Amino acid sequence: MALANTFAGYYMLCTSAHTMEHVMGSYHSDLVHGAGLIMIAHAYYDFFAEKKAAEEPMIKMAKAMGVENPTSGKDFIKALDDLIAAIDCADLKMSDAGITEEELTLYPKRAHEVLGGDITADPLPLSDEDYLEIYRRAYR
């Protein structure tokens, strides 16, 4: 999973996922970075897939992950979800880590303070509203 996330970040230039997770960890110091990344992975990458912001690299990543004849970024999302399930991490939830829905509103501002990754390398710039939307979609 760590290798897949690294390749996805490098190849698709979706690096703000790490910044977003570092924000989560800054409020919950016992949150393991990899677990936090898994918690937001679907919502994060799906955000870009829905906007078709990284179609070509996502299609290539889906193919590299074993999808035959991928046609969209959504094929990568499905492969990612399958990988997360295959390593028994589909049940990781923010709420189990002590994260509350209410605190999610604090996270976008904090992303600019923490900057655990280069947020300028994403396929499209994310606004604070975009960050909050991704966090909310990922929350369970």
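This is a predicted model: local features need pLDDT of at least 70, side-chain atom pairs count only at pLDDT 80 or more; totals for chains, interfaces and linings use all residues.
A salt bridge here is a side-chain nitrogen of Lys or Arg within 4 Å of a carboxyl oxygen of Asp or Glu. Side chains of opposite charge can pair when their charged atoms come close.

Let's start with Glu50, which has two partners in the table below. Its bridge to Lys74 ties together distant parts of the chain, with Glu50 in helix α3 (residues 33–50) and Lys74 in helix α5 (residues 73–86), 24 residues apart. Glu50 also pairs with Arg137, and that link runs from helix α3 to helix α7, across 87 residues.

| Salt bridge | N to O distance |
|---|---|
| Glu50 and Lys74 | 3.6 Å |
| Glu50 and Arg137 | 3.0 Å |
| Glu113 and Arg110 | 3.6 Å |

How exposed are these side chains? Glu50 is partly exposed at 42% relative accessibility, Lys74 is partly exposed at 39%, and Arg137 is partly exposed at 40%.

Glu113 is partly exposed at 47%, and Arg110 is partly exposed at 28%. Elsewhere, bridges with shared partners join Asp46, Glu50, Lys74, Glu133 and Arg137 into one network.

Now for the buried side of α6. In this helix (residues 107–114), Tyr107, Pro108 and Ala111 are buried. Viewed down the axis of α6, these buried residues fall within an arc of 100°, so they line one face of the helix. Their cover includes α2 (16–27) and α7 (128–138).

Definitions and conventions
Residues are numbered from 1 along each chain as its sequence is written. Side-chain values use heavy atoms; hydrogens and water are left out. Buried means under 20% relative accessible area, exposed over 50%, partly exposed in between (1.4 Å probe, protein chains only). Helices (H or I, at least four residues) and strands (E, at least two) are DSSP runs, numbered from the N terminus. The arc is that of the directions from the helix axis to the C-beta atoms. Contact means heavy atoms within 4.5 Å.
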